Amino acid sequence: MFGEIALARDARATPTKVAPSAAPVRRYAPPMTIQPLTALWLGRQPYEPVWRAMQALTDARDTTTPDQIWLLDHDPVFTLGQAGKPEHVLAPGDIPVIPVDRGGQVTYHGPGQLVAYPLLDLRRLGLGVRELVNRLEQVGIDLLAEFGIPAERRAGAPGLYVAGRKILAIGIRVRRGCTFHGIALNADMDLEPFSRINPCGYRGLEVTRIADFAPCPPLPALASRYLCCFAATFGFADSPPTASELPQLATRVD
């Protein structure tokens, strides 16, 4: 739901398209050197402080900064990407709309949606933007296959779909070769707010969630399973997400 072109890059990057593939088979050989990854479980968080913290970390990091992944869910919010058109926000009601610096159109975040923010140094990992998106999709394909859910890619529309309904969204920003923003996986959430927007700028695009197909575990347990798939696909050392805090941001658990 982050948009039909769900990427925002610096001026040196070249736009790419993602080739379609639905096979839930991990195709990536592990790297010669296993990279460390700091994984944080942050619980329920308001959107804007997390976004600002991602920006601050990305601006401050250097070649020695370890890669991180933040796992959480958000208070209800609509976010409008850099290419976002206000007319795709139909009737937000009491849910705030925040313009942000990722690519794409409008999406919704809310309780029961697993959000993962990979904060990665692409140059150190030897990845381009196209391969990054491909691997993020593969992580979702592998995880959803564990629930018997056959997720598919769609050419020109990053993310994952089940029988034409979107279940996972990708919206990435790359700055100085490092990523922020990330993915949103509909786990066991209220889907009604999606009817207040044209998701990804597509009128009538339907959405779905894990709970429509299989019992969904609590979000912290789902986050741990996501992390295992992420570590295997990207070649990171596998470790469980830790309860922690964002820089100068107290973790809030509702």
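Student: How many bridges join strand β9 to β10, and do the two strands run parallel or antiparallel?

Tutor: Two strands are taken as paired if DSSP finds at least two bridges between them. Strands (E, at least two residues) and helices (H or I, at least four) are themselves DSSP runs, numbered from the N terminus. Here 8 bridges join β9, which spans residues 165-175, to β10, and the strands run antiparallel. The model is a predicted one, in which local features need pLDDT of at least 70 and side-chain atom pairs count only at pLDDT 80 or more, whereas totals for chains, interfaces and linings use all residues. Residues are numbered from 1 along each chain as its sequence is written, and side-chain values use heavy atoms, with hydrogens and water left out.

Student: Which residue stands opposite arginine 173 in β10, and which residue takes a positive phi in the hairpin of β9 and β10?

Tutor: Arginine 173 stands opposite phenylalanine 180. The hairpin has 2 residues between its strands, and arginine 176 takes the positive phi, near 55°.

Student: What other pairing does β10 make with β7?

Tutor: Strand β7 (residues 113-119) pairs with β10 over 4 bridges, in the antiparallel sense. Within this pairing, glutamine 113 has asparagine 186 of β10 as its bridge partner.

Student: Is strand β10 largely buried or exposed?

Tutor: A residue is buried under 20% relative accessible area, exposed over 50%, and partly exposed in between (1.4 Å probe, protein chains only). In a regular strand the side chains alternate between the two faces of the sheet. In β10 (residues 178-186), 9 of the 9 residues are buried, so the strand is largely enclosed by the rest of the structure.

Student: How does the chain read as a whole, in terms of helices and strands, and what share of its residues is buried?

Tutor: The protein chain contains 4 helices and 11 strands. Of its 254 residues, 57% are buried. A contact means heavy atoms within 4.5 Å. Among contacts with a separation of 6 or more, 76% are between residues 24 or more positions apart. Accessible areas come from the Shrake-Rupley method with a 1.4 Å probe, and for residues only the protein chains shown count as cover. The chain exposes about 10,400 Å², of which carbon and sulfur atoms supply 56%.

Student: How many salt bridges does the structure hold?

Tutor: A salt bridge is a side-chain nitrogen of Lys or Arg within 4 Å of a carboxyl oxygen of Asp or Glu. The structure holds 13 of them. One is formed by arginine 52 and glutamate 48, whose closest N and O atoms are 3.4 Å apart. These two residues are 4 apart in helix α1 (residues 47-60), which means that about one helical turn separates them. Arginine 52 is partly exposed at 40% relative accessibility, and glutamate 48 is partly exposed at 35%.

Student: Which residues are linked in a network of salt bridges?

Tutor: The network links Asp59, Asp101, Arg173 and Arg175. Arginine 173 is the residue already placed opposite phenylalanine 180.

Student: How are aromatic pairs to be read, and how many are there?

Tutor: Rings of Phe, Tyr and Trp (its six-membered ring) pair if their centres lie within 6.5 Å; planes under 30 degrees apart count as stacked, over 60 as edge-to-face and the rest as tilted. By this rule there are 6 aromatic pairs. The rings of tyrosine 47 and tryptophan 51 have centres 6.3 Å apart and planes at 40°, so this pair is tilted. Both residues are buried. Tyrosine 226 and phenylalanine 230 form a stacked pair, 6.3 Å centre to centre with 25° between the planes. They lie 4 residues apart in helix α4, about one turn of the helix, and both are buried. Tyr226, Phe230, Phe234 and Phe236 form one aromatic cluster.

Student: Which charged residue lies over the face of tryptophan 51?

Tutor: A charge sits over a ring if NZ of Lys or CZ of Arg is within 6 Å of the ring centre and within 35 degrees of the ring normal. Arginine 52 lies over the face of tryptophan 51, at 3.9 Å from the ring centre. Arginine 154 lies over the face of tyrosine 161, at 4.1 Å from the ring centre.
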